[in-house]
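Thank you all for coming.

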Amino acid sequence: MVMAKPDDRSDNAAKLQEMARNTEENINEANDYLAAHAGEISAKERADIEAKNERRAESAEGFRSEIEDETSQ
């Protein structure tokens with residue numbers, strides 16, 4: 001019989017902060033790409049990138065909310 005590992009959440013806040021930071025970096029890189037290639041990309045590609053950035057922003061906000069939950073316990 002295999003025993004489950006204990007649920008170690010001691011570093012959850014740090015992991016969530018890293019994920020939020022990475023997500024924000026991805027948003028910034030996508031925005032930089034849009035600015036640098038504005039005349040070269042199609043309207044669909046621009047809309048796709050903007051939609052993805054909206055989803056990323058929602059994810060980052062979710063990470064920040066989870067960080068608050070983790071640090072208030």
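This is a predicted model: local features need pLDDT of at least 70, side-chain atom pairs count only at pLDDT 80 or more; totals for chains, interfaces and linings use all residues.

Let me start with N12, which counts as buried because its relative accessibility is 18%, where buried means under 20% relative accessible area, exposed means over 50% and partly exposed lies in between, with a 1.4 Å probe and protein chains only. N12 lies in helix α1, and although N12 and I67 are 55 residues apart in sequence, they are 7.8 Å apart in space, C-alpha to C-alpha.

Residues are numbered from 1 along each chain as its sequence is written, and side-chain values use heavy atoms, with hydrogens and water left out.

So what is the secondary structure of the chain? The chain has two helices and zero strands, where helices (H or I, at least four residues) and strands (E, at least two) are DSSP runs, numbered from the N terminus. The radius of gyration, taken over C-alpha atoms, is 17 Å, well over the 11 Å that the globule rule gives for 73 residues, so the chain is more spread out than a compact globule; that rule is 2.2 Å times the number of residues to the power 0.38. Along its principal axes the C-alpha trace spans about 60 × 35 × 15 Å.

The buried residues of α1 are N12, A13, L16, A20, T23, I27, A30 and L34, and α2, residues 43-71, is included in what covers them. An α-helix has 3.6 residues a turn, so residues three or four places apart point the same way.

Leaving aside residues up to four places away in sequence, T23 touches R56, A60 and F63, a contact being heavy atoms within 4.5 Å. E29, by contrast, is found in helix α1 but is exposed, with a relative accessible area of 51%, and its C-alpha atom is 15 Å from that of E45, which is 16 residues away in sequence.

Now to α2, which has 29 residues and reaches 42 Å from its first C-alpha to its last, close to the 42 Å expected at 1.5 Å a residue. Its buried residues are I49, N53, A60, F63 and I67, and what covers them includes α1.

Let me finish with the chain as a whole, where buried residues make up 19% of the 73 residues. Of the contacts with a separation of 6 or more, 66% are accounted for by residues 24 or more positions apart.

Conventions. The expected span of a helix is 1.5 Å times one less than its number of residues.
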